[in-house]
Amino acid sequence: MALVGLLQGCKKGQLGDGAGTGSGERLSAFMKRCEDEVRLAVSEAHGRMDLVKVPMPKEMKGSLAGFSAGSAREASVNRFGMAIDLDLCNGCGKCILACNTENNVALVTDEEAARGRFMHWIDMRGGAPFMCAHCGDAPCEKVCPTGAANHTPDGISAMMYKRCTGSRFCGANCPAKARKFNFNDAQELGLVRKLNYDVPLREKGVMEKCSLCLHRLQNDRMRFKTEAAIAGSNAEWRGRGVKTACAEACPRNAIVFGNWLDPESPLVKAAQGRQLYAPRELAEHDPAVVFMMGKR
Amino acid sequence: MLNFLRFIGLLLLLPGLVALGYSVYQGPAAWAVDSSTFWGTPISLFVFWIGLAHAGTLLSAIFLALDIKMDKRTAMMAELSTLCSLAIAVIFPLMHLGVLDRFYMVLPLADARANFSNIRSPLVWDFCCIGVYGILSLLFFGTHLGAKTFSGLKKIRKPLAWLLFPLVLWVHTVVSLDFAASFVPEWAGAFFPVYFIVGAVYSGIALVCCILWFEGYRMRLLEKLLMISSWILCAIWLWNFAAQRTFCTSAFIFAGLLPQLYWVESIRETRIGRICIYLSVLLGLWLERLFLVSPNLGTTAGASFGWVDLGLIAFSAGAFILAFTSIRGGLGSAMEGESTFFGEVDSTDMATSADGSEEDEALDPADEKNYVEPWASHETRTLRFPLFVGFSVATFFCIWCAAQLNFDNIELSLANVIPLVYPIAALVAAFIVCGKAYVNEVRPNFGSVQLRHRKVMHVVAVLLLIMFGSLLGAFYAGGKSAPSNQEVAAQPYNFENTEGDLIGDADSSAQEISAPRAALIWNSRCATCHGTDGKFNEKFIREYYPVPQKLDSARIDSIGVDSLVNVILNGRANMNAYGNRLSGSEARGLVRYMQQLAKEAK
Amino acid sequence: MTPFVNALACLLCLASAMFLWRYKSSFYRNSLLLVGFMIIFGVFTFFGGEMFEAGSIPMLEHYPFKMLALSLCFSTTSLAVRRRRYMVLAQVFWLWIELFGGISLFYRGFDIAWTRIIAIAGIAFFSSLLSKISKEMEFCLMVFWIAVWIFF
């Protein structure tokens with residue numbers, strides 16, 4: 001066993017050594033394939049969302065309350081999330097393409113595409129984008145045997161790819177089926193390019209899903225903390241000014257990203273006075289990604 | 001007969017091995033995976049075989065505990081079938097994993113990097129329960145075999161049986177919780193523990209009946225139990241239908257209706273008729289497990305059954321037949337008692353019928369005439385004391401779990417750890433019981449054992465030690481024993497004095513940024529892996545990445561600044577590219593800072 | 001499920017327990033009776049708990065099995081031999097259904113009835129220490145079970 005561990009450690013290049021430059025295919029051709037796949041996924045989208053009314057997301061219930069005194073980390077003042085305005089969204093699917101290129105989401109083989117088994121972190125459901133809702137009381141995290149699916153103090157349901165054994169229990173337990181499994185070795189099949197160096201490529205056999213563009217948040221946090229250290233200020237990082245790739249790409253600004261606990265956040269401002277909805281199966285799990293429709 | 005069975009086993013196993021090899025190589029894409037549950041054939045096979053693995057303990061241990069008489073040969077057959085099907089059952093959840101070599105991360109023991117599995121997950125309970133069940137079944141089988149040489153071992157069979165009795169039910173309950181504790185609508189059932197156990201008992205009895213059929217005799221008691229379990233299972237299916245509106249018709253036909261042909265005398269009394277009934281039960285229950293694990297099977301979005309799935313089924317059946325027949329052939333008459341039965345056997349009736357079979361003196365102190373103090377009784381010494389120790393260990397384990405780093409931020413409720421309590425208690429108690437028996441019975445009489453047997457025992461002991469060692473190796477895995485305590489300093493320099501330098505001109509790449517700024521960038525960007533002092537953040541890198549290069553000034557000097565800047569900006573092997581997060585001048589500054597760190601480290 | 005229906009269920013268990021383990025009754029008869037009771041309890045829960053309504057409570061999923069366990073508990077008081085052992089086993093069966101049913105519901109967001117589980121565990125443990133079970137003790141046990149069923 002130790003030997004296996006050792007050999008595994010010696011293997012190099014797992015995280016995409018030179019991916020994106022090595023294959024002979026031209027970048028524009030690859031991008032064309034990405035676009036075609038997104039178009040196919042949008043045209044084949046099925047399934048409806050059964051929406052129910054939910055209140056505005058607040059601090060996470062229960063589980064992460066312990067990030068306070070006693071714990072080494074400071075109490076969290078952030079809970080990131082999104083709201084998707086169904087009055088504005090027309091289901092164009094631009095968010096899916098933006099997400100795929102931002103997060104190096106792999107393409108799938110033809111037979112999997114025929115089955116509707118895409119790797120996209122955003123699905124079209126009932127004509128609107130649907131992604132992991134980053135539930136505060138997430139069912140997937142409860143059943144992950146190794147703790148690879150876990151919450152960050154900022155309210156993001158994160159995946160630790162290096163700790164995932166691929167038991168797929170989280171995928172089974174997600175009431176909304178927002179998780180995707182890497183059935184293929186995408187790098188070997190040439191189905192993925194490292195378009196964005198901030199996001200690691202996922203190996204075969206691990207689960208993945210929307211990360212709320214965690215890398216953007218981390219970059220912003222580091223920039224903020226470095227600047228705060230230089231300025232000698234004690235300011236709290238609230239993730240202001242960060243936008244996810246899908247929110248940035250939306251031509252009608254229907255996707256709003258922000259911090260639910262920050263009254264200054266564009267998200268809170270946009271959700272003020274609006275009626276919020278969540279899919280029925282998720283409503284009880286305290287979702288951080290919700291839908292807006294009509295006035296309250 | 002044995003040779004014929006071996007031939008059949010090989011015939012099934014060889015193509016099965018191809019399918020197994022292919023699916024390990026190809027990963028979960030190889031077999032039919034349900035679109036909504038992500039699970040497929042391996043898990044159905046696992047549930048099926050773990051169910052079959054209950055027959056032996058059920059028939060042998062529970063009958064022994066409840067004083068239902070059973071001849072040695074049948075009991076040994078049942079115990080052996082348990083061991084074989086258990087060995088096959090554990091293959092499937094392992095091969096079903098996406099990343100096979102990380103399976104040990106599921107064990108709830110802190111590894112060398114102080115990582116701890118998520119003990120709230122039913123899969124972790126599963127892993128532990130099955131492990132403990134395997135060890136205890138082996139001990140039980142071993143004591144039964146060894147009782148021929150060391151008669152003293154007979155005394156501990158009953159305490160062991162009482163330990164195994166709840167354990168066997170516990171194991172399958174935990175398997176059922178894999179399903180019942182989830183949000184999949186088809187798996188919503190607080191009654192699943194009962195449901196699964198009845199199914200397991202039913203299939204297990206059918207398997208033992210099959211084995212006895214091949215041995216050339218039958219047991220009416222088992223057939224009776226088989227029929228009764230079929231009725232109970234039908235009633236549970238009805239309830240399942242009422243609660244969830246799903247019904248597996250094929251399972252109902254094969255395992256519910258067809259076995260009722262037993263009541264036709266001409267079928268019951270012919271050998272062909274009987275084996276058909278047993279096989280129909282096994283088939284029906286396999287279909288039921290498949291239906292349960294992949295509810296979307298057959299629908300358009302669902303899984304499609306291919307050659308790999310069939311191959312996996314063939315592998316499991318072939319491996320079982322081969323393993324069983326070779327061990328059976330190898331042990332030969334050691335598995336049989338004084339009397340060998342052929343034809344029809346009906347040695348006993350259920351103890352629940354009021355015939356008042358003789359009381360067992362060993363474990364029943366509840367005799368009114370000679371009253372024994374509760375704490376001094378035989379029962380207390382042989383069973384309650386080891387169990388008490390076991391439960392104490394389990395309690396300590398739970399407290400230790402709650403103190404783990406993971407659960408600083410996650411609430412760990414009692415319900416999350418309770419499923420682990422009994423397996424741990426049973427393991428400890430069984431070790432105490434067997435250890436005592438070893439010291440008192442086996443060691444003093446060891447000289448009387450034949451040399452050949454002694455050699456076998458030594459080989460087994462060495463094998464066990466090797467297994468234990470390799471398990472420890474997985475936990476060590478080259479790691480350091482203590483997690484890193486390094487704190488990343490946010491303000492390493494006195495800013496008042498260096499104010500002017502800090503916001504330098506970062507745009508021109510030829511220029512270098514100031515040392516304090518480089519230090520800040522190092523601490524925020526690089527220290528996560530490389531450590532603030534350049535000596536690695538051990539816990540993080542060992543767990544998530546292969547170990548990076550050591551900071552060594554000779555090495556750094558030999559590589560040269562330009563190529564290091566290139567590595568920082570474009571990445572290399574497991575080093576991520578920072579080109580879009582750092583400017584060229586910042587990278588240059590970082591290299592300078594690295595050189596400084598390397599010098600300081602000397 | 002209303003408290004009245006719950007109490008009615010308890011009565012039903014008591015009534016059904018009278019038919020089990022009669023002197024010289026055959027193995028098949030007893031098990032057929034058990035299966036029959038299971039179906040009756042299922043039908044009772046389905047209609048008494050109004051499970052045909054769409055948003056029925058998952059708490060009822062293991063209700064018929066709880067009833068079966070209670071009925072088995074009651075029935076052990078009339079056993080001729082090995083009363084203590086089977087009494088403990090029947091109570092452990094009940095405990096097991098409550099505990100693991102509770103755990104599976106806990107993962108789906110419902111609270112576990114700890115008082116009930118602890119009460120059953122306690123009485124099962126102490127009745128395993130009883131060396132002689134008198135008529136009075138039997139009565140006490142039955143009253144206790146009914147109390148656990150209705151009030152806890």
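**Figure 1. Contact between helix 3 and helix 4 of chain B in the predicted model.** Helix 3 of chain B contributes B:Ala55, B:Gly56, B:Thr57, B:Leu59 and B:Ser60 to this contact, and these residues meet B:Ala75, B:Ala78, B:Glu79, B:Ser81 and B:Thr82 of helix 4 of chain B. By class, the residues of the contact comprise four nonpolar, five polar and one charged. Helix 3 spans residues 54-65 of chain B and helix 4 spans residues 72-95 of chain B; their axes lie 6 Å apart and the packing angle is about 150°. Because angles over 145 degrees count as roughly antiparallel, helix 3 of chain B is described as roughly antiparallel to helix 4 of chain B. The crossing of helix 3 of chain B past helix 4 of chain B is left-handed.

**Figure 2. Contact between helix 8 and helix 9 of chain B.** Helix 8 of chain B covers residues 220-244 and helix 9 of chain B covers residues 249-257; the two axes come within 9 Å and cross at roughly 155°. This angle makes helix 8 of chain B roughly antiparallel to helix 9 of chain B. On the side of helix 8 of chain B, the contact is formed by B:Ser230, B:Leu233, B:Cys234 and B:Trp237. Helix 9 of chain B supplies B:Phe252, B:Ala255 and B:Gly256. The contact of helix 8 of chain B with helix 9 of chain B has five nonpolar and two polar residues, and no charged ones.

**Figure 3. The five-stranded open sheet of chain A.** Chain A contains 10 helices and 11 strands. Five strands of chain A form this sheet in the order 1-10-11-2-9, with mixed pairing. Strand 1 (51-53) and strand 9 (255-259) of chain A are the edge strands, each pairing on one side only. Neighbouring strands of this sheet are turned against each other by 40° on average, when direction is ignored. Within the sheet, strand 2 (residues 80-85) of chain A pairs with strand 11 (residues 289-295) of chain A in the parallel sense, over four bridges. In strand 11 of chain A, A:Phe291 stands opposite A:Ile84.

**Figure 4. Strand 9 of chain A and its pairing with strand 2 of chain A.** Strand 2 of chain A and strand 9 of chain A run antiparallel and are joined by five bridges. A:Asn259 of strand 9 of chain A has A:Phe80 opposite. In a regular strand, side chains alternate between the two faces of the sheet. For strand 9 of chain A, A:Ile255, A:Phe257 and A:Asn259 lie on one side, while A:Val256 and A:Gly258 lie on the other, and all of these residues are buried. Strand 9 of chain A is thus mostly covered, with five of its five residues buried. For chain A as a whole, buried residues make up 49% of the 296 residues.

**Figure 5. The loop position of A:Lys162 in chain A.** A:Lys162 is found in the loop between strand 6 (157-159) and helix 6 (169-173) of chain A. A:Lys162 counts as partly exposed because 17 C-beta neighbours lie inside 10 Å, whereas burial requires 20 or more and exposure 12 or fewer. From C-alpha to C-alpha, A:Lys162 and A:Arg179 are 17 Å apart in space, and they are 17 residues apart in sequence. Across chain A, among contacts between residues at least 6 apart in sequence, 70% join residues at least 24 apart.

Terms used. Residues are numbered from 1 along each chain as its sequence is written. Chains are lettered from A and ligands numbered from 1 in the order in which they are written. This is a predicted model: local features need pLDDT of at least 70, side-chain atom pairs count only at pLDDT 80 or more; totals for chains, interfaces and linings use all residues. Axes are lines fitted to C-alpha atoms, for helices over the stretch in contact, and angles run from 0 to 180 degrees between N-to-C directions. Helices (H or I, at least four residues) and strands (E, at least two) are DSSP runs, numbered from the N terminus. Angles under 35 degrees count as roughly parallel, over 145 as roughly antiparallel, 65 to 115 as roughly perpendicular and the rest as oblique. Two residues are in contact if their C-beta atoms, placed from the backbone, lie within 7 Å. Ala, Val, Leu, Ile, Met, Phe, Trp, Tyr, Cys and Pro count as nonpolar, Asp, Glu, Lys and Arg as charged, and the others, Gly among them, as polar. Two strands pair if DSSP finds at least two bridges between them. A crossing is left-handed if the near helix is turned anticlockwise from the far one by less than a right angle, and right-handed if clockwise.
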